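User: Could you walk me through this model? I'd like to start with how its residues are classed by accessibility.

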Amino acid sequence: MARSFARRLDGLPAPATIEMARRARALRAEGKPVISLALGEPDSPTPPAVVEAAHAAALAGQTKYPPVDGTPALKAAIARKFTRENGLDYAPDEIMASNGGKQVIFNAFMATLNPGDEVVVPAPYWVSYPLIARMFGGVPVVVPCREEEGFKLDPAALAAALTPKSRWLVLNFPNNPTGAVMTAQELEPIAEIVRRYPDLWVLSDEIYEHLVFDGVRSASLAAVAPDLKDRIITLNGVSKAYAMTGWRVGFAGGPKDLIAAMRGVQGNATSGICTIAQAAAAAALDGPADLVQEMAATYGRRRQMVVDALRRIPGLTCAMPEGAFYAYPGVAGCLGRTTAGGTRLETDHDFALAFLDEGYVATVPGSAFGQSPYLRLSCATGDADLMEACARLERFVSTLR
Ligand SMILES: Cc1ncc(COP(=O)(O)O)c(C=O)c1O
């Protein structure tokens, strides 16, 4: 007999990114030469100086329960980071550290959403925003961003989606999965629309801010519109910029009352985050900027290489990402056709599964990000694997009937 679980989990799928990675692991265990471009994770190691800071903290006895919202040392490093890099001044009680950027979102939504509240999410979106919103009774409202517009958020489309029931607007630039960036100038009209809805919170997820290319600059909404700062959660973390996905440190700057409510949530869930990881994160934030710049240059070069290769494949389209480390090619030209292995491709999900089963490359279908038919390829992988994956994609597409 099937057992029942809480209704808040009804219809909650496992994120497709994790699903694809699991299937790829299973094929690899069978000895297949799988290349995984499914996970959003830097391929470089955490900088040694950061690891050393963690080691020193552990040896120095920083191993006791920390304050729920972060150690004073980490909060001070976060405050310096916001001032230096974003032009944003946050007091210690306007900052908190969590187990990854993901827990910031969880805290914020749990602290504010009531059943039926709308959470406006531009698509393509990172899979977790609508899933976490739904866990707390939120109703995701999707605003499509168009490939022809470089997947930037169109102010008119946003204005059409907002209603008095809108409780949150989620902004994520540089964007996962498209790499779209919104400059300060492009955020101005967005801020203007937000001003019309005084009960609207904004989550500005800036976790990819340093990974931008071609001199493009990503802007913080709270700096562009200081009058809205007391309604904005500025989310960031060390996972992507410092290759620290496993350390689980994310953080937020925001208004004191909302931060206090989020602290209340976290205090009853995980308490403060690992003290040793906090010492490492502080060292990363205070460390030299050149490591991050080197990483961004590598991702920028790989992105160019991958997009050039994708654009040569008949049937695919691909916008040029301005940031993050993904390519998001469109596969509309391949649907309705049949693979060499006999699978008819009706959707991008069919495409991603068949390409994994027959070409041994794991990607994530656009359906997971709320916009089809596309595939997300992570470029945070070595050059040789990326080129081999593109070659396999070309072969896979050329054998479609
Ligand atoms: C857009 C975006 N925001 C936030 C996160 C959360 O990262 P973490 O929980 O590792 O800090 C991710 C991770 O994939 C992401 O892509």
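Analyst: A residue counts as buried when its relative accessible area is under 20%, with a 1.4 Å probe and protein chains only. Please keep in mind that this is a predicted model.

User: OK, so how many residues of strand β7 are buried?

Analyst: Strand β7, which covers residues 232-237, is mostly covered, and six of its six residues are buried. Ile232, Thr234 and Asn236 point one way from the strand, while Ile233, Leu235 and Gly237 point the other way.

User: And which strand pairs with β7 in the parallel sense?

Analyst: That is strand β6, residues 201-205, which is joined to β7 over four bridges in the parallel sense; within this pairing, Leu203 has Ile233 of β7 as its bridge partner.

User: What about β8, does it run parallel or antiparallel to β7?

Analyst: Strand β8, residues 250-253, runs antiparallel to β7, and four bridges join the two, with Asn236 having Phe251 in β8 as its bridge partner.

User: Switching topic: which residues have the most contacts inside the largest nonpolar core?

Analyst: Those are Phe109, Trp168 and Phe351, in a core of 132 residues. Helix α11, spanning residues 290-311, gives the most to this core, contributing eight residues, and the core draws at least three residues from each of domain 1 (7-44 + 291-398) and domain 2 (48-286).

User: What is Phe109 in contact with, leaving aside its neighbours within four places in sequence?

Analyst: With those neighbours left aside, Phe109 is in contact with Val119, Tyr129, Ile132, Ala133, Phe136, Trp168 and Val170; Trp168 is also listed with Phe109 among the residues with the most contacts inside the core.

Terms used. Residues are numbered from 1 along each chain as its sequence is written. This is a predicted model: local features need pLDDT of at least 70, side-chain atom pairs count only at pLDDT 80 or more; totals for chains, interfaces and linings use all residues. Side-chain values use heavy atoms; hydrogens and water are left out. A nonpolar core is a set of buried Ala, Val, Leu, Ile, Met, Phe, Trp, Tyr and Cys residues joined through side-chain atoms within 4.5 Å. Buried means under 20% relative accessible area, exposed over 50%, partly exposed in between (1.4 Å probe, protein chains only). Domain bounds come from an automatic or database domain assignment. Contact means heavy atoms within 4.5 Å. Two strands pair if DSSP finds at least two bridges between them.
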